[in-house]
Amino acid sequence: MASIRIYGDPVLRKKAAPVTAFDDKLGKFVEQMIDDMYESDGVGLAAPQVGESVRVAIVDPTGGEKAPYVLINPEVIERSEEQVEDEEGCLSIPDIRLKVRRPAIVSVRAWNEHGEEYTIENAAGLFARALQHEIDHLEGILFVDRVSPVSRQLVSGKLKKLAKSSRDRAAA
Ligand code: CO
């Protein structure tokens, strides 16, 4: 399994590049990402989290049915005005869970690994949250960027520690 990049790793802050070739290499990469996501017990995984700065993300909101959505070059095309707050975590930011406000309902356009365009209409609940969280990763945005200043302050020490150990690992 690929090692998950942790907060402080610069790849998590890069704007990821669009996928232009829907080839065998992409198919294998997607398969690997799906395996990595299930092995890490994640609801979603974005390519920068495994060190690849490309616009690929996987989301499976079913909690055990193994029905992954493959999101290539995804884009939120509609978001509700209504926002909801709920706790989020991230495989790249271990042991931190914070409340994040996001639009309650979103529609997303994406391509699958075969180059077929599709749309997810009016995703809600955990699915909407996971889609937005993973698409944020492709912009170099992490959920801790979207929490209240008070929450951010509360975890700033933990985040600094994560970033330091991430740097130490990169230097080793
Ligand atoms: Co994440």
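Throughout this tour, a residue is called buried when its relative accessible area is under 20%, exposed when it is over 50%, and partly exposed in between, with a 1.4 Å probe and protein chains only. The structure is a predicted model, in which local features need pLDDT of at least 70 and side-chain atom pairs count only at pLDDT 80 or more, while totals for chains, interfaces and linings use all residues. Residues are numbered from 1 along each chain as its sequence is written, and side-chain values use heavy atoms, with hydrogens and water left out.

**Stop 1: Asp-9 and Arg-5.** Select these two side chains, which meet in a salt bridge at 3.0 Å, N to O; a salt bridge here is a side-chain nitrogen of Lys or Arg within 4 Å of a carboxyl oxygen of Asp or Glu. Asp-9 counts as buried because its relative accessibility is 16%, whereas Arg-5, at 29%, is partly exposed.

**Stop 2: helix H1.** Next select residues 24-39, which form helix H1; helices (H or I, at least four residues) and strands (E, at least two) are DSSP runs, numbered from the N terminus. H1 has 16 residues and reaches 23 Å from its first C-alpha to its last, close to the 22 Å expected at 1.5 Å a residue, the expected span being 1.5 Å times one less than the number of residues. Its buried residues are Leu-26, Val-30, Met-33, Ile-34, Asp-36, Met-37 and Tyr-38, and what covers them includes strand E1 (44-46), strand E2 (56-59) and strand E3 (69-79). Just after H1, Asp-41 takes a positive phi of about 60°.

Stop 3: Most residues other than glycine have a negative phi.

**Stop 4: the nonpolar core.** Now select Leu-71, Val-106, Val-108, Ala-123 and Leu-131, the residues with the most contacts inside the largest nonpolar core, which has 17 residues. Such a core is a set of buried Ala, Val, Leu, Ile, Met, Phe, Trp, Tyr and Cys residues joined through side-chain atoms within 4.5 Å. The elements that give two or more residues to this core are E2, E3, strand E6 (106-111), E7 and H2, and H2 gives the most, with 6 residues. Leaving aside neighbours within four places in sequence, Leu-71 is in contact (heavy atoms within 4.5 Å) with residues including Val-56, Val-108, Trp-111, Ile-120 and Leu-131.

**Stop 5: the cobalt ion.** Centre the view on the cobalt ion, whose protein donors are Cys-90 (SG), His-133 (NE2) and His-137 (NE2), lying 2.1 to 2.3 Å from it. Cys-90 in strand E4 (residues 83-90) and His-137 in helix H2 (residues 125-138) link parts of the chain 47 residues apart. Donors are N, O and S atoms within 2.8 Å of the metal (3.2 Å for Na, K and Ca), and water is not among the atoms, so sites may look incomplete. Cys-90 is buried at 11% relative accessibility, as is His-137 at 1%.

**Stop 6: Glu-88 and its partners.** Finally, select Glu-88, which meets Arg-102 in a salt bridge at 2.7 Å, N to O; Glu-88 is in strand E4 and Arg-102 in strand E5 (residues 93-103), 14 residues apart. Arg-129 also forms a salt bridge with Glu-88, the closest N and O atoms being 2.7 Å apart. Because Arg-129 lies in helix H2 and Glu-88 in strand E4, this pair ties together parts that are 41 residues apart in sequence. Arg-129 is buried at 8% relative accessibility, and Glu-88 is buried at 4%. Salt bridges that share partners join Glu-88, Arg-102, Arg-129, Asp-136 and Arg-146 into one network.
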